[in-house]
Amino acid sequence: MVPLTWYLILAAFVFSAGLFAALGRRNAIAVLMGIELMLNAANINLIAFWRYGPSPAQNLDGQIFALFVIAVAAAEVAVGLALVISVYRNRRTVNLDDLDLLKG
Amino acid sequence: MEIGFASLAPLLPEILVSVGALLILILDTTAGKQGGSSRGYMAITVIFLLLGLVGAFVQLGGQPQTAAYVVDIDSFSLFLKMIIYTAMLLTAIAGGGYLNQRVSGGAEFWSSYLFISVAMAFAVSANNLLLIFVAIEFLSITSYILVGSIREDLRSSEAGLKYFLYGSVASAIMLYGMTFMYGATGSLNLVEIGTVFAENSTVHAAIIPAVILVMAGLGFKTSLAPFFQWTPDTYEGAPTPVTAYLSTASKAVGFAVMARVLLMAFSANAEVWVPVLGGLSVLTMFAGNLMALRQTNVKRMFAYSSIAQAGYILLGLTAVVNSNVVDVMSLSMNGLNGMLIYLMGYLFTNIGAFMVVMAVENMTGGSDYAHFTGLVKRSPWLATAMLVFLLSLVGIPLTAGFVGKFFVFGATIQHQYYFLAVMALINVAISAFYYMTVARIMFFPAEDGEPAPTIGGAGIGVQAIVTICVIGVFWVGMYPALIIEWANTASQYLLTIL
């Protein structure tokens with residue numbers, strides 16, 4: 001079986017890529033994609049920890065958690081895109097550097 | 001595991017509030033093309049929030065119980081629930097008129113408002129990582145909607161998007177930290193996690209990353225130092241009543257969850273998180289106070305002030321006592337009760353202050369310092385009330401802010417964290433400067449400054465709630481015995497839970 005560490009390294013890589021996109025990109029949609037990557041990195045972790053845990057057949061906590069995360073991520077994207085659209089209607093841009101009405 | 005209907009009985013207040021939220025949505029679908037009256041939805045909101053508050057009071061005397069295996073109904077969560085429902089209730093009554101005028105879609109707004117209250121009630125009662133994550137996400141996602149709910153307003157939608165982007169990054173980081181807690185211990189229950197971390201030293205490698213990642217997520221909710229950038233933008237752009245509850249109820253939830261996670265899951269590893277909290281708290285106080293000095297907009301100034309106040313509140317959690325070493329029951333200051341008392345006093349102070357800001361926005365069309373010039377002539381009562389709130393934020397004796405600071409700083413000194421106490425006192429001195437600037441322009445406007453023209457009235461609801469908040473500030477400030485007793489019971493329960 002593939003060792004647990006490999007999954008954790010994969011998850012850490014996906015998480016870092018997501019964090020990099022979320023902090024570095026100036027386009028709101030790209031930031032949203034970064035956030036999705038971060039949530040999915042957590043999902044990889046949860047499933048890996050569940051599978052390599054003491055009793056994967058009886059204790060399904062990790063799987064259930066991952067399902068909830070998927071559902072929450074969907075809700076988050078729905079609201080996020082709605083907010084992006086409402087900003088786009090008002091300003092015709094989704095570049096975060098142009099959102100500078102509030103500052104100081 | 002079986003979950004019967006009977007085990008859900010302790011959740012009755014939250015179930016009722018959710019029913020209210022669904023009722024609003026159903027009424028709106030039957031109301032036809034015109035849509036129902038926003039004022040009616042607001043009335044339903046107020047009634048159901050009142051039911052929730054009464055429910056919390058009724059449960060206060062009872063034994064701690066656990067509903068559906070994951071929701072703890074104990075004195076700690078009930079204390080927080082009282083703060084939450086009171087905050088939401090005061091804000092709904094005072095801010096209803098303001099919101100109904102501006103917000104498009106009254107039914108969506110008010111049902112989300114009730115759902116947020118439910119989400120916060122669950123977040124403070126959760127004893128399980130899964131429920132904590134889901135409740136905090138529920139709270140955050142609905143808050144993003146409310147912040148951006150004035151769709152035509154450029155500032156409101158910008159504030160909503162910024163809050164959303166910062167917030168979802170923070171909760172993704174928190175979730176990643178939670179996966180390590182689960183991976184190291186194989187459990188999602190906070191008490192079981194705490195037991196494993198205390199007994200099994202082979203999993204200690206997971207503690208530091210987990211604490212840091214989870215603190216990043218919760219530090220965002222409570223606007224602690226490195227994660228506060230969203231606060232001023234969101235507080236300034238959001239509708240003022242939404243700002244009022246974000247700065248009180250939502251912040252209280254962040255601190256409550258932080259206390260639960262740290263004291264239940266990491267109680268045996270205090271040496272890891274106490275220095276982290278102490279450092280964050282000093283950074284937060286300085287960042288908030290120094291940035292507040294150079295603001296010209298009262299709403300934005302209060303946003304930075306709320307960052308600084310979060311630093312003081314965090315001191316209480318930093319100086320929390322170790323229940324394995326000392327007898328918690330014999331101590332009058334255990335740190336955690338200071339945090340709870342502070343949150344209760346801060347609730348009345350900050351909601352009152354934001355409601356005065358809202359009234360001034362209604363009267364003059366803005367919240368810059370210029371709009372507050374000579375407020376005492378336009379509305380003597382609002383100006384006087386604002387002075388009371390400002391004095392309470394500084395921490396003048398006889399006000400709620402003093403009692404909160406007394407318990408928080410007292411716990412810090414008792415713990416011999418003299419450095420933190422000195423830093424906090426320096427910050428109180430800095431904060432007095434900008435709070436009193438607002439008082440000065442309200443009462444003694446400069447000669448050349450022309451007061452802004454009056455374009456509207458304050459409204460009777462706002463006046464009433466501001467009066468209640470003034471009474472609340474003096475109640476916590478002068479007769480705090482009851483609050484202290486509740487806070488003691490709540491904090492002793494959480495500290496001795498393991």
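**Entry 1: the H1–H4 contact in chain B.** I looked up which residues of H1(B) meet H4(B) in this predicted model. From H1(B) I noted B:Glu14, B:Val17, B:Ser18, B:Gly20, B:Ala21, B:Ile24, B:Leu25 and B:Asp28. Facing them in H4(B) I listed B:Ala107, B:Trp110, B:Ser111, B:Leu114, B:Phe115, B:Ser117, B:Val118, B:Ala121 and B:Phe122. I then sorted the residues of this contact by type: 11 are nonpolar, 4 polar and 2 charged.

**Entry 2: how the two helices pack.** I went on to the geometry. Two packed helices are described by the angle between their axes and the distance between the axes. H1 of chain B covers residues 12-30, and H4 of chain B covers residues 106-125. I read an angle of about 165 degrees, with the axes 9 Å apart. H1(B) is therefore roughly antiparallel to H4(B), as angles over 145 degrees count as such. I also checked the hand of the crossing of H1(B) and H4(B), and it is left-handed.

**Entry 3: chain A, elements.** I turned to chain A. I counted 3 helices and 0 strands there. From the N terminus on, I wrote the order down as α-α-α.

**Entry 4: chain A, dimensions.** I looked up the extent of the C-alpha trace of chain A, which spans about 55 × 25 × 25 Å along its principal axes. The radius of gyration of chain A is 17 Å, whereas a compact globule of 104 residues would have one near 13 Å.

**Entry 5: chain A, burial and contacts.** I found that buried residues make up 32% of the 104 residues in chain A. Among the chain A contacts with a separation of 6 or more, I noted that 44% join residues 24 or more positions apart.

Note on methods
Residues numbered from 1 in each chain as written. Chains lettered and ligands numbered in written order. Predicted model: local features only at pLDDT ≥ 70, side-chain atom pairs only at ≥ 80, totals over all residues. Axes fitted to C-alpha atoms, helices over the stretch in contact; angles between N-to-C directions. Helix = DSSP H or I, 4+ residues; strand = E, 2+ residues; numbered from the N terminus. Parallel < 35°, antiparallel > 145°, perpendicular 65-115°, else oblique. Left-handed = near helix turned anticlockwise from the far one by under 90°. Contact = placed C-beta atoms within 7 Å. Nonpolar A, V, L, I, M, F, W, Y, C, P; charged D, E, K, R; others polar. Rg over C-alpha atoms; globule rule 2.2 N^0.38 Å. Buried ≥ 20, exposed ≤ 12 C-beta atoms within 10 Å, placed from the backbone.
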